Amino acid sequence: LMPAALSPDAVGAHPPSGLLSLAHTLFETSPLWLALPLVSLVGVLKLTTERWALAPVMWGGLHFLMLTVIGQATYSWELTPLLPGLAILCALGIVWIGEHLKLPGATWAFSAIAALLVISAAAQSLLTLGLESRQSACCDALHPTLVSPAYQEAGEWLLANTSSSARVGATEPGLLGYVSQRPMLALQGGLSPTEGEAALPPGDVFSWLVAYSPDVLVLNSNPIAFSNESAIASDPWFQSSYTEASRIDSPPDSDGPTLVIYQRSAQRLPMSDILIDLVELSPELTLNRISTDFSIDPLQEDRSGLIGLQWWTNSSMDEARYVAIRIENRTGAIVALNGRELDFHDWPTRTLITSYHPITVGPGLVPGIYDIEVGLGPDPFTISWFPVARAKVPFNGSAFLGGISGTRAQFGAIDLLGYRLARTDQGLEVLLLWQSVETLFVDYTVFIQVRDAVGSITSQMETQPLNGAYPTSAWSQGEQVPDTYILDTNGLPAGEYEVFAGLLDRDGRRLRTLAGQDAVSIGRITIAP
C-alpha cells in the first residue's frame, strides 16, 4: 500500500526514476562520477570470458528488476545491491582497457588513475554536501531526512500509556517503534500482518484500517484522505471507533507535523457474510459476496456501520472508479448512501480482494423490504446500480390498532387473521391482517373483490402486500403483517355488497383454504341511495 505522497526519504516514485535521481545528484556534486558508468560499460565486454562475474552482476540486475515490477517508491539504500556489480564491471573495464593499450604496466597505471578519480569524486561530493544548504534541491537525494522531535515524544507517550502488546498504526512508524517498543503497523502496508481471507485493495488506507484495527493510531497533521471529499478522522465510523487521546506539536523552530494520537474506543464488530449470486459490475469486476457488521434482518436503524465488498478481478484495470453503496426501500426512499473512489489500476487479476466501506443508516425506518445496491461509475454523478442483497424492517405486532374483526382462514403457509372495512372519500378502505405460518420463499399476490347481491364482481384489485414494498417471500415465521388497500366504490349503485379476499400464486392460480375456498368473505357493506 502506497501513501498518496512520496516520503521525504524517497529518491523516486519507482526504481528507474530513483536511480536517475541518485545519479543526477552524484554528477551534480562531482562530474568525475561520470567515469564509473563509462568504464562499467567497457567491463561488460569482459563478461564473456569472466563468467564468475555474471553472478554478482545478475544479482544486482534481478534486484533492480524486482523493485521495478513491484513499482513502489524507491529509497537510496534499496539501490545498494547494485554497487557490487558496478564495482566488478569497473574492474573488468580497467582490465580490458589495460589489455588493449598493450603498454607495459598499462593495467596498473589505469587502475591507479581510476582509483584517483573515485577518491577525487568522493572528496568533491563530500565537500559539496558539507557546504550545501539542506534546503538546496541539488542534494536532496543524498541528504537524510531529519526526524521530527514530535515522533520521539509520541513514542515516549506510547511507552507510558499503552500496554506492551498494543498494536500501533502510524504513517511513519520508524522512530515510533524504536522508542515505544510496541508492535507497529504501517499505514502504507509495509509492516502489516498478512491478511487471512482475502487481499486488500492496494493503497486503500480505510480498508487497511478496518482489516487490522490497530489499538492506537498516530496520524500526522496532514489527514490521510480515503475519499475525495473527506478525511479519515472526520468519518462517522472512525469517530465512533477511535477517540483522540493526545496531540503533540513539533517545536516552533522546526517544520515537523503535529501528531494526533487516537485510541480505539470501541471494538470492531464481526462481519457477517451474505452469500449472493455473483454480480458482474463490469467486464473487469465481479462482486463475489457482501458482508456487514450490523443486522439487516431486521435492519438496524440510526447507526454507523461497515459493509465489506469482496471483489473478483477478471482482468487488469488502468483507472480509478467511484464505488457507492445505498440502501433503499421499495418505494424509492433512500435510508443510507455513501461512496468513495477506489483506484483499480494496481489490483492483481484473478484474485479475491476485499474493500470496506462506511455507511450510516438513518432513523425512522418504515416496515418493508430494503434493497442493498452497489454502484460503479467514473464519478459520483454517473453510476450504474446493481442490487446485491436484501434487508427488511418487520412490523411491530404490538403497534397494531384495535378494531380488527376475526375471520381466520389459512391459505397454505399464510393465515388471514382478521380484517377491518371503512368507507372513505377515496373509496372502500380494507385492512387485512396476515400471519405467516412458516418462512416463505414465494411471492403471492393479494386479490380483493366487491360482489353484488347476485355474485357479480363490481370492483376488484390485485397487488402484492404493501404495493410490493413487503412481498411474502420476506415474511418470517410467525410474523404478522397488516396491509391496507383502497378499492374504488364511488361509482357503485346503491345496494348490499359482499367483500372477498384471497391469494394468487405466481402463475395467477388462486390458493385454497383448508376448507377448500378460493376466496374468503371478509364482510358486507351497504351503499345508500
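Reply: Let us start with a cut-off: a residue counts as buried when its relative accessible area is under 20%, and as exposed when that area is over 50%, with partly exposed in between. Please keep in mind that this is a predicted model.

Me: Which residues of α2 are buried?

Reply: In α2 the buried residues are V39, S40, V42 and G43. Because they cover an arc of only 155° around the axis, they lie on the same side of α2. The face turned away from that buried side carries L38 and L41, which are exposed.

Me: Which residues make the nonpolar surface patch?

Reply: The patch, of about 380 Å², is made by F27, L34, L38 and L41, and two of these names, L38 and L41, belong to the exposed face of α2. L34 lies in the loop between α1 (15–29) and α2 (35–43), and with a relative accessible area of 44% L34 is partly exposed.

Me: What is the strand order in the open sheet of four strands?

Reply: As a general idea, strands of a sheet pair through backbone hydrogen bonds, either parallel or antiparallel. Here the order is β16-β17-β18-β21, and the pairing is antiparallel. β16 (405–411) and β21 (480–487) stand at the edges with a single partner strand each, so one side of each has no neighbour in the sheet. From one strand to the next, the twist averages 25°.

Me: Over how many bridges do β17 and β18 pair?

Reply: Strand β17 (residues 414–424) and strand β18 (residues 427–436) pair over 10 bridges in the antiparallel sense, and Y419 stands opposite L432 in β18.

How values were computed
Residues numbered from 1 in each chain as written. Predicted model: local features only at pLDDT ≥ 70, side-chain atom pairs only at ≥ 80, totals over all residues. Heavy atoms only, no water. Patch = residues over 30% accessible without salt bridge, like charges linked within 9 Å, V, L, I, M, F, W, Y side chains within 5 Å. Areas by Shrake-Rupley, 256 points an atom, 1.4 Å probe, with all protein chains shown as cover. Salt bridge = Lys/Arg side-chain N within 4 Å of Asp/Glu carboxyl O. Helix = DSSP H or I, 4+ residues; strand = E, 2+ residues; numbered from the N terminus. Buried < 20%, exposed > 50% of the residue type's maximum accessible area, 1.4 Å probe, protein only. Pairing = 2+ DSSP bridges. Axes fitted to C-alpha atoms, helices over the stretch in contact; angles between N-to-C directions. Arc of directions from axis to C-beta.
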